[in-house]
Every structure is written in structure tokens, then in C-alpha cells.
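Please walk me through this structure.

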Amino acid sequence: MNRETATRLRRRTMLAAMGIGLAIGAVGAASAQDLNGELVILNWQGGVEADLWVDLEAAFMADNPGVTVREVQITAQGDARGGIRSALLGGEVVDIIINTWPAFRAELADAGIIRPIDDEWAAHNWDSKLSQSWRDLGSIGDATYGLTYTYGDRSGLWYKTAHFEKAGIEPPTTWDEFIASFDALKAAGYATPVAIPGKYWAHAEYFETFLIRTSGVEVASALAAHEIPWTDPAVKAALMKFAEMLNAGCCGDAATMLANDWDGEADQVFLADAKNYLMIGMWMNARARGDYGMEEGVDYSLLQFPAFGLGHDDTSMVDSKEVNVTTNGANPAAAEAFLDFLLTREATDILADYGYASPSTEADTSKLGPVMQISTDAVANSKVQFVLGDLLPGDLVDEYRVQLQKFLQDPSEANIDAVLAAIEAKAASAY
Amino acid sequence: MALAAPRWRLRDAPAAWLLIIPVLALFSVAVVYPLIETIRLSFFDIKGLSAPKYVGFGNYLTLFADPTFRNTISTTLIFTLGTTAISVSIGWTLAMLCAFAPRRTLPFRMMVFSAFGISETVSGYMWISMLRPDQAGLLNNLIGIFSPGFSYAWLGDADTALWALVVAASWSAVGLPLLLCFASVQAISKSVLEAAYMDGAKPLSIMRFIMMPLSLPGVRVAIFINLLNALRAFDIIFILTGGGPVRATETVGYFMYRESMTQFKLGYGAAATVILLIAVLIVSIPAIIQRTAGAK
């Protein structure tokens, strides 16, 4: 080997080593280098959740002074997906999308708008902070697209402690106690024990918990994927159980149920003292503390839906919020660093301050209020199923909610058959 | 001293084009292009963010086979005719009553017309508080004076929700017919009215035989505008009922929104938009022809 060849080889070896080093370092570069530039986040949340994000972004910018976070805000009432789609199709370029709909995640991935984050997951060892079940929740097939930053129990019943004290009852733990509590509450002057907000979508919360408690999470999962038809006896059994609650005089007339959304029914429970139980997600906690000025665990609390004794009482419906990373974002390094930040103690403390639970192992659960601790314990000890309505194809979910409204109008067995047949007819063309 | 003639002078036709081109350009961008794009989209199957697939008239065929859409047509007819009939008849009646004392009724007319200027969203929230299902709702509270403990979910019952919506929409729509009909009544020659008085006609006769027939041009314009507004109604339905319960108040306009924005089936929603556009044209063209027939 002559000197020139040796020099050339040394140079090539050095270049190759640098290349390999760069390749290895590239994935983890975000945490090692000083980040800069603008990080754009598409946010569709309002109220307290919008404030939470302002605080999270401010903390991230304080940790990374070179980065400026800008939000593209979508104003939406109800389902925000239309607004998000319009923004993306309209040419908005963002680095991160906040998402809560697994079906929408698949749509974004199919359209090539978001990308897998498996490389970042490995580089930052997020497995040490999030359990496999959270990773599975954010995955499509073998690829991970979503990093879950908060989750909530959707099988809990909110109640005002003063109502139970006045009625002389304890929070019911079994179905029979629950049904028996209606008479005690009515005798105490509450005409309608259970609030069912049927105006848009929240009435489906009850059905979904009835479904997993009567037949298990596997049936709900199979139904979401349309591996079993809506006319399956397991689905009918859930509605029959729901009908049992309606026929026990839980909820007043159907017109009243269909007139209010969840916020109106929350007012009926916590402001008007007219109703007693409300099944709704954990955002109720922020409303109870912020809007009603009540003390968590003292003025109000949460109980897991009472046990049916059918072998599936260790199940809960849950929701979660995740962040997705886009394929065309201008600042992937900052996006990666932001995802990592969301799992830190600093971020989970901010979430806890706003009453939101984090799935990160970094989270200090003692910072959560008593009601939040009830819900996180319930989820930790349950087989969980993601909210059905967020898993169904868009075409089907609307029909599903309207047919459940028809069920509320007439909970007879004949109408249950008609309702399920109508949903199945829509499902046949929706997948 | 005579003014010097300009050295150059643009001929009429080029001058007219020069003036009209900016307007045409704006019209093309703001109206013609979205219209053509909507019609084009209606021939594609677009679901969510997926790639469009050409389906020809497929969306239209699906639309007319869709029982939900067929139901929205009858709901739209009831809402449109109901709102127009109520608002125009009240507006016309008020206009004639106000015509007997125009100055003294000015504050009243201003109050009624101001409702027309309120955003439909604000008006919707106002009506929600009036139609609340509990006894805190104004309507239930008023009925409760005669029937203690009365409460009714006006917006939750499919039988009453649409009519509650018609009343709420009519309330804000009364102002325009009042204004237009009042102007028509004011345009009646004073000599005609004086002659009627001289002949001993009573106020009711004057109203019936002179003011009503001579104010018909204003009534026709009011009907035309209210029909168009009711056909396109969306905001108040969105706020008050969200198209429910069980789609009982879903009009074509709301259906179009739900399919396009909630379901994001842009092609299907565009087809519904084209149908709505045709309905608007059917209402508009005869009125426009009639109003502009004498134009030179």
C-alpha cells in the first residue's frame, strides 16, 4: 500500500466514521444540541385545556430559549376534526398535531401527514417512561404514531357529596345499590337521579360502559373494528341493561335527556341540585373546580360505575390525548424535544396542576387531587377500552349517536332491535 | 370663459369596461371560482383527507336515495315556509299599524328592526335560555305562573323542536318585512288616503282596501328575501338544536355542514350544496326577472 493510497483510505475511514457518528447522533441530536427556530403546534382545545397548553409551551421555551412555540389555533364547537382537516388542506404547516381520535390518527397517517416516531422512541428510551399499553394505544400496526400525554377515566359517575348526605346514602358499589339509590334520592327531593346528556354525543358514554361491563373489552374492541355485527346478542344485552336503568326511573323523560349537552346536565347536578349522577370524562374536574368553585373530594367526587356482577366489572372506558409529529414540519428536532419534554416531571407537574393525569412514570401522582387519584387508580386496576365513538369511522359514528337517541325515546326490546339493525346497516357500508 | 375641451376622451364602452373590470375580478374570485369549484367537487368522492375519486353523478344519486337527505327537504320546506309566513305576516301587520302614527312608533320600529341586526348566534343563545327544559327557562317559567311546577323540553321533543326553531328564527326576521312594508305604505300617495278619509272610510277599511293592496310590492320583496334567508339558515339551528333531536330539525343547509365539515365528505356535501343552490335559484330567478323586467 503506497502512502497516497493509505492517506486516501485513512480519509475514507475517517469520513465513514464521521458519517456513522452523525447517523447515530442524528436521532438523539435533539437533546444534545441547542435547539432553535419556531415550533408550530396545531391546537384545537379551548378553555382550561388551552391554558394548560400555554403553560406547557412556556415551560418548554424556558428550557429551550432558542425555540419559539407558535400555536395554530382551531376554533371548534363539538368535533374539531373538520377544522383540523380544513387547516391542513388549506396549507398550514405544523410540526405537532394534538389528537384524541385514534380513527383520525389512521386518517392522518394514511394521508402521509404524520410520521412514525419509533426512532425517537428508541433514542429517548420512552419505554422507560410509558408502558407498552400506552405505546400500543398510539400505534397503527407495528408503527408508533402517537405519544400519549394525558388520559382519563370515562366510566366514572360524578356526584355532589351533599346530595348523598341529604339522601342518607353511601356511594353505590353494586348495580342493586345503584338502582335502590334512585328511590332514596327521589325521597330527598331529587326527581331525576341520573343526568343523561343526549343532545349530541354524551349519552353514548353510558352505553359504552354498559357494553364493557356486560360483555368485556374484547367485545367492544371487536365491535369497533366491525368484527362482530351491531346486531350481536352482546350488544343487545348492553342496551337491555341500559333499558333496565331507564325503566327504573333514573332519568326523566326522553325529551329532557335530548335537550341538553353534558355541560347543561352538569349544571343540573352541580348548580341546580336537580340531578345526582353524571357520567362524563375527566374534564368535568376542571369545570367543577374552576367554573363551580367547588373543592375536589369535599364538595364533589367520582365513583366507578357500580358492579353488575357479570364477570366484567374490572373494565373501564378511557380516553387519551396524544401528540403526532408531521412529515412536513419545519423543525423536527424541536418537535422531538417537545415530545420528550411532555414526559418529564416538569410537564407532568403542570398537567397535575390543571387536574390532568399523565401516563408518564415521571409523574408524581401525589400531586393529583383526590378525585383524580380515584380515577387513575380505577384505570390502573382495570382492563381498559378506548372510547368507542372515537374509534368508529366518521360515517358511522353519527348514525350510532342518532340511533342511541332513538333508543332513549323508546327503550323497548323491539326498538332496541330496530336501533341495532339501523346501526348495522350503516356499518355495512362504513368500513 | 369657456373651458378647454380635454385633449383625449375615453369612449363609453372602454370606460365602462375599465370601471367594471375590478368588480368582475373580485366577483370571479369571491363568487364564480368557489361556485365552479363546488360543482366540480360534487362529482368526486372525498372522504376525510383521502385522495378524491371521480364518481360522476354518484353523489347526487346517493343523495336522493339517502332517507336522511329526503327528510331534510321536508324539514327545510316547513322551516322556510313557516319562518317566512310568520315573520312576513307579523312584519306586514305591524307596518300597517305603525303607518297610522309613524312618528310615535319610530322607537318601536327601531327596536323590532334591531333584532334583525343581532347575530343569529347571539339570538340562538338567547332563545336557548328562554327554551331551557327546566323551570329556569323563561317560557316554562311563564307557563308555570298558571300551572305551578310546569317544565317541558321544547328543544328535546321532536314534535316541538322544529316549531320552536321556526318561532326563534321568525323573531329575528320580523324587522326586515316591517321595514320594507312600512316603506311601501309610506309610498302610498297622500291624496289617495285623504280621498278615502273624505269619503268617510274607517281605518280598518283604509287598511284593508288601500294600504294592504298598495303595499304588496314591499311584501313581495320581504317574502323573497325571507325565503332566501330561511333556505340558507344554519347558525340558529346549529346553536339551538344541532339538527336534533334525532335529526328532526336538520335542514338541507345543516345537512350540508354536517356532511362537509363533521364527516368531511366534501364531495357529498358539495352535491347537497348544489341542490341548495338550485333551490335558491328557483326562488330567486322569478323574483329577479319581475323586479328587473322594466330595466332599460
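## A four-stranded sheet

In what order do the 4 strands of the open sheet in chain A run? The order is 8-9-7-10, and the pairing is mixed. Two strands count as paired if DSSP finds at least two bridges between them. Strands themselves are DSSP runs of E, at least two residues long, while helices are runs of H or I with at least four residues; both are numbered from the N terminus. In general, strands of a sheet pair through backbone hydrogen bonds, either parallel or antiparallel. The edges here are strand 8 (192-195) and strand 10 (300-304) of chain A, each of which pairs on one side only. From one strand to the next, the twist averages 25°.

This is a predicted model: local features need pLDDT of at least 70, side-chain atom pairs count only at pLDDT 80 or more, and totals for chains, interfaces and linings use all residues. Residues are numbered from 1 along each chain as its sequence is written, and chains are lettered from A and ligands numbered from 1 in the order in which they are written.

## Strand 9 and its partners

Strand 9 of chain A (residues 275-279) runs antiparallel to strand 7 (residues 156-160) of chain A, and 2 bridges join them. A:Trp158 has A:Leu278 as its bridge partner. A:Leu157 stands opposite A:Met279. Strand 8 of chain A runs parallel to strand 9 of chain A, with 3 bridges between them. There, A:Thr192 stands opposite A:Lys275.

Is strand 9 of chain A buried or exposed? 5 of its 5 residues are buried, so strand 9 is largely enclosed by the rest of the structure. A residue is buried if 20 or more other C-beta atoms lie within 10 Å of its own, exposed if 12 or fewer, and partly exposed in between; the C-beta atoms are placed from the backbone.

## Two domains in chain A

Chain A is assigned two domains: domain 1 (32-153 + 319-379) and domain 2 (156-318 + 381-430). These bounds come from an automatic or database domain assignment. The centres of the two domains, taken over C-alpha atoms, are 28 Å apart. The contact takes 23 residues from domain 1 of chain A and 24 residues from domain 2 of chain A. Two residues are in contact if their C-beta atoms, placed from the backbone, lie within 7 Å.

Which element gives the largest share of the domain 1 side? Helix 17 of chain A does, with 8 residues. By class, this side of domain 1 has 13 nonpolar, 7 polar and 3 charged residues. Ala, Val, Leu, Ile, Met, Phe, Trp, Tyr, Cys and Pro count as nonpolar, Asp, Glu, Lys and Arg as charged, and the others, Gly among them, as polar.

## A buried leucine

A:Leu420 lies in helix 19 (residues 413-430) of chain A. A:Leu420 is buried, with 20 other C-beta atoms within 10 Å. Leaving aside neighbours within four places in sequence, A:Leu420 is in contact with A:Trp230, A:Thr231, A:Val235 and A:Lys236. A:Leu420 and A:Trp230 are 190 residues apart in sequence, yet 5.6 Å apart in space, C-alpha to C-alpha.

## Chain B

Chain B has 14 helices and 2 strands. Its radius of gyration is 25 Å, well over the 19 Å that the globule rule gives for 296 residues, so chain B is more spread out than a compact globule. The radius is taken over C-alpha atoms, and the rule is 2.2 Å times the number of residues to the power 0.38. Along the principal axes, the C-alpha atoms of chain B fill a box of roughly 75 × 70 × 30 Å. Of the 296 residues, 36% count as buried.

Helix 13 (residues 252-262) of chain B has 9 of its 11 residues buried, so this helix is largely enclosed by the rest of the structure. The buried ones include B:Tyr254, B:Phe255 and B:Arg258. Just after helix 13 of chain B, B:Phe264 takes a positive phi of about 55°.

## Where the chains meet

How many residues of chain A are in contact with chain B? 25 residues of chain A touch 18 residues of chain B. Helix 18 of chain A gives the largest share of the chain A side, 6 residues. By class, that side has 11 nonpolar, 5 polar and 9 charged residues.

Conventions. Axes are lines fitted to C-alpha atoms, for helices over the stretch in contact, and angles run from 0 to 180 degrees between N-to-C directions.
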